[in-house]
Amino acid sequence: MKYISTRGQAPELSLEEAMLTGLARDGGLYLPAEIPVLSRDEIAALAGLPYEEIAFRVMWPYVSGSFAGDEFKEIIARAYAGFGHDARAPLKQLNENHFLLELFHGPTLAFKDFAMQLIGQLFQVALKRRGKRVTIVGATSGDTGSAAIEAFRGLDAVDVFILFPHGRVSEVQRRQMTTPADSNVHALAVDGDFDDCQAAVKDMFNDFDFRDRVKLAGVNSINFARVLAQVVYYFSAATSLGAPHRKVSFTVPTGNFGDIFAGYIAKRMGLPIDRLVVATNQNDILHRCLSGQGYFKGDTIPSISPSMDIQVSSNFERALYYAYGEDGRAVAQLMDELKQGGFHVSQGAMEVLRENFDSGRVSEEETLATIKSTLEHSAELVCPHTAVGIKVAEDTRAADVPMVTLATAHPAKFPAAVEQASGVHPPLPSRMSDLYERPERVTRIANDLGAIEDHIKRHIAE
Ligand SMILES: *Cc1c(COP(=O)(O)O)cnc(C)c1O
């Protein structure tokens with residue numbers, strides 16, 4: 001399988017190369033040159049299999065050129081061994097035909113673990129084979145940083161440095177980043193805000209001397225290997241509910257469009273998905289776009305579902321690529337217009353998007369009310385992101401098609417909002433109940449590129 005850029009001007013790569021590269025050289029995002037299709041019988045055979053086996057069968061066509069079969073099986077086994085639930089992605093029923101897909105049983109209690117844990121193991125094997133090591137640098141406003149740290153901790157081919165804004169992440173989020181004791185993990189509390197952290201990372205990638213010297217690599221949500229890992233749970237959930245013999249719909253709390261785009265790939269692979277519903281909070285650029293109002297940047301408004309507080313959704317570029325008939329030139333043009341503020345989607349492309357996606361927007365008040373009503377009606381305490389999904393799902397779902405809402409984080413990751421809404425303080429799972437006692441290890445650092453680069457150079461293993 002070869003991987004091509006959404007903007008059509010970058011060299012084709014293998015999965016391994018695309019994964020290690022991240023962003024394509026023409027500024028585009030990598031996609032498989034063709035999306036493999038599973039037959040109805042192959043899909044039917046997935047029902048009831050262990051999650052790891054489903055993962056192998058769904059991802060194998062994408063990775064077979066880069067990894068051997070047994071090797072890939074071991075990678076998957078190691079990736080999900082640290083999850084706190086045997087089903088990995090269990091389904092729970094909310095009412096007669098609405099289900100929650102719990103994606104928060106990984107080490108950092110959010111769905112990003114599904115992709116990050118796999119990518120950590122893939123990196124380790126790929127780098128060992130090449131006799132290389134890399135330095136992973138990332139900026140986080142909370143969740144992605146801890147997921148990256150948990151994925152790469154203890155792996156000897158990688159050093160991982162995570163920049164977060166000092167004093168501006170929740171205590172659970174900070175402790176998840178500062179308590180891993182492994183020597184290859186480095187948490188940096190930057191005197192600045194999230195945008196400063198992100199700008200510092202971008203500047204490091206543009207500082208070619210530094211980039212080469214420390215062998216910089218990134219694992220942000222545009223990495224196709226991350227999207228691929230998320231395709232798996234659409235298959236496990238849908239086949240548990242009767243696919244391919246009946247259709248299933250999904251509602252996805254959405255920020256960067258990575259998670260729901262994985263659902264779109266699952267559909268293209270032959271999984272009979274009826275609707276894919278984009279659920280946004282008050283940062284609703286995607287809902288506006290899918291409602292026909294064009295794709296125009298606004299200001300980011302902080303919300304109680306902070307992992308969805310985005311201005312532009314980087315992975316939406318991939319959906320546009322297919323909506324525009326795989327025309328890389330058209331996508332490159334749209335992305336140029338986006339730099340000037342935004343663009344209108346052509347009528348033909350809008351029709352393709354509407355064939356696949358619905359959308360809804362949820363206010364802060366509605367999010368709180370949904371946390372409360374879900375506890376009252378279904379005895380489930382849900383995180384604010386999940387509540388955004390549940391609300392949109394209830395507003396849009398058809399009575400005769402099972403609806404699955406993705407529960408993207410554990411309520412204990414967002415205790416303040418959950419308690420405000422429901423009066424109940426969500427406890428941490430017992431396997432991490434000592435999080436508040438573990439010693440922290442963090443370097444506070446000035447918002448200064450030179451100081452940050454210097455720190456990284458001095459702390460990588462050579
Ligand atoms: C990252 C995240 C999202 C948004 O997912 P995207 O793939 O960026 O659309 C939703 N909920 C939680 C809890 C997250 O951490």
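1. Gly258 first: one of its polar backbone atoms sits 3.2 Å from an oxygen atom of the ligand. Bear in mind that this is a predicted model.

2. Gly255 also reaches the ligand through its backbone, with an N or O atom 2.8 Å from a ligand oxygen.

3. Now the rest of the shell. There are 15 residues around the ligand, and the ones that come nearest are Lys112, Gly255, Asn256, Asp259 and Thr408. Sorted by class, the shell has seven polar, five nonpolar and three charged residues.

4. Besides being among the residues that come nearest to the ligand, Lys112 belongs to the helix 5 side of a contact with helix 6. Helix 5 covers residues 112-130 and helix 6 covers residues 143-152. Their axes are 8 Å apart, at an angle of about 35°, and the crossing is right-handed.

5. Who makes that helix contact? From helix 5 you get Lys112, Asp113, Met116, Gln117, Ile119, Gly120 and Phe123. Helix 6 brings Thr144, Ala147, Ala148, Glu150, Ala151 and Phe152. Seven of these residues are nonpolar, three are polar and three are charged.

Terms used
Residues are numbered from 1 along each chain as its sequence is written. This is a predicted model: local features need pLDDT of at least 70, side-chain atom pairs count only at pLDDT 80 or more; totals for chains, interfaces and linings use all residues. Side-chain values use heavy atoms; hydrogens and water are left out. Axes are lines fitted to C-alpha atoms, for helices over the stretch in contact, and angles run from 0 to 180 degrees between N-to-C directions. Helices (H or I, at least four residues) and strands (E, at least two) are DSSP runs, numbered from the N terminus. A crossing is left-handed if the near helix is turned anticlockwise from the far one by less than a right angle, and right-handed if clockwise. Contact means heavy atoms within 4.5 Å. Ala, Val, Leu, Ile, Met, Phe, Trp, Tyr, Cys and Pro count as nonpolar, Asp, Glu, Lys and Arg as charged, and the others, Gly among them, as polar. A residue is near a molecule or strand if one of its heavy atoms lies within 4 Å of it. A polar contact is a pair of N or O atoms within 3.5 Å; within protein, one must be able to donate a hydrogen and the other to accept it, and residues adjacent in sequence count only if both atoms are side-chain atoms.
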